[in-house]
Amino acid sequence: MTLHNARILVVGAGLMGAGIAQVAAQAGHEVFLFDTRASAAEAAKAKLAQTLDGLTAKGKLTADVAAAALARITPVDALVAVDLVIEAIVENLDIKRALFAELEALLPREAVIATNTSSISVTALARGMQAPERLVGMHFFNPVPLMKLVEVVSGLGTAPEVAQAVFDLAGRWGKTAVHTRSTPGFIVNRIARPYYAEALMLLQDRAATPELIDACLRSAGFRMGPCELMDLIGHDTNFAVTNSVFAANFFDRRFTPSLVQQELVDAGFLGRKSGRGFYRYP
Ligand code: NAD
């Protein structure tokens, strides 16, 4: 099986979906972008036009290449039948399952559905699908155009040829793909959760400010500190992932969610995307 010439539908035009659409279009695919939020897909395309202009101004892309990539992205106001769907909607099992049911009613039998979930079991997401073998995790990292890693996550029912086709595709897009089995948090988030948790406990103990924690971790060699990274991820998404990994580990206290996260979400201080998280963004 190959997805090299796949027509792609990206569902969810938020932080991740917009980045995935950009990478797929730059790799030459015809890409449709859908979001339930009115005009979110158009807005993502308009923002992408600015990003591509910026890359052109810096000499990283020619104007022709940038224009061609942009022209390959079509915002749509309904789901469309394609060869590959990449789902990047809210981190919620029931909402993702409902989407897959809608997609299965529409897609040809051989079409692949890839989920960008950060933490929800691919095995559980596939339950109830007519063809669970076509669901695979394709876990990108934020910001998608810059981050090389893609975790290709197989659930219990995922067909090996489907996982391999997605793995090969990620490689063609210049990414570094790795295969893993669907376990809570996969590889990176399993390691990252206790890392964020310790930063949140330091804050709760008033032992350090976000600025101090980030400065320490940067000077220890990390590219970003945990607080600025959580602001980049978005606290709504990050909190949902924390809760999901906590539950999936049978409430192992190492993965305990924090009241600090809960408060940020309650306040709507979601990080960069809302203009305020631990830090403020103009
Ligand atoms: P986001 O909030 O920026 O975007 C999600 C988008 O999905 C929103 O525009 C929302 O309107 C849309 N949406 C919600 N329900 C929908 C539905 N039923 N159909 C169509 N669109 C719908 O979130 P995000 O950060 O882009 O995260 C999306 C997914 O990617 C989540 O599963 C998340 O766990 C995963 N992920 C996030 C990151 C990160 O750093 N933010 C990294 C890797 C993976």
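Modeller: Let's begin with handedness: a crossing is right-handed if the near helix is turned clockwise from the far one by less than a right angle, and left-handed if anticlockwise. Keep in mind that this is a predicted model. Here, α1 crosses α2 in the right-handed sense.

Colleague: OK, and at what angle do α1 and α2 pack?

Modeller: About 55°, with the axes 10 Å apart; α1 covers residues 15-26 and α2 residues 40-57. Angles under 35 degrees count as roughly parallel and 65 to 115 as roughly perpendicular, so α1 and α2 are oblique to each other.

Colleague: Which residues of α1 and α2 meet?

Modeller: From α1 you have G17, A18, A21 and Q22, and across from them A44, K47 and L48 in α2. By class, that contact of α1 with α2 has four nonpolar residues, two polar and one charged.

Colleague: Now the other pair. How do I read the angle between α10 and α11?

Modeller: Helix α10 (residues 235-248) packs on helix α11 (residues 259-267) at about 140°, and their axes are 9 Å apart. Roughly antiparallel takes an angle over 145 degrees, so α10 is oblique to α11.

Colleague: And which hand does the crossing of α10 and α11 have, left or right?

Modeller: Left-handed, as α10 passes α11.

Colleague: What does the contact of α10 with α11 consist of?

Modeller: On the α10 side, look at H235, D236, N238, F239 and T242; they meet Q261, Q262, L264 and V265 of α11. Sorted by class, the contact of α10 with α11 comes out as five polar residues, three nonpolar and one charged.

How values were computed
Residues are numbered from 1 along each chain as its sequence is written. This is a predicted model: local features need pLDDT of at least 70, side-chain atom pairs count only at pLDDT 80 or more; totals for chains, interfaces and linings use all residues. Axes are lines fitted to C-alpha atoms, for helices over the stretch in contact, and angles run from 0 to 180 degrees between N-to-C directions. Helices (H or I, at least four residues) and strands (E, at least two) are DSSP runs, numbered from the N terminus. Two residues are in contact if their C-beta atoms, placed from the backbone, lie within 7 Å. Ala, Val, Leu, Ile, Met, Phe, Trp, Tyr, Cys and Pro count as nonpolar, Asp, Glu, Lys and Arg as charged, and the others, Gly among them, as polar.
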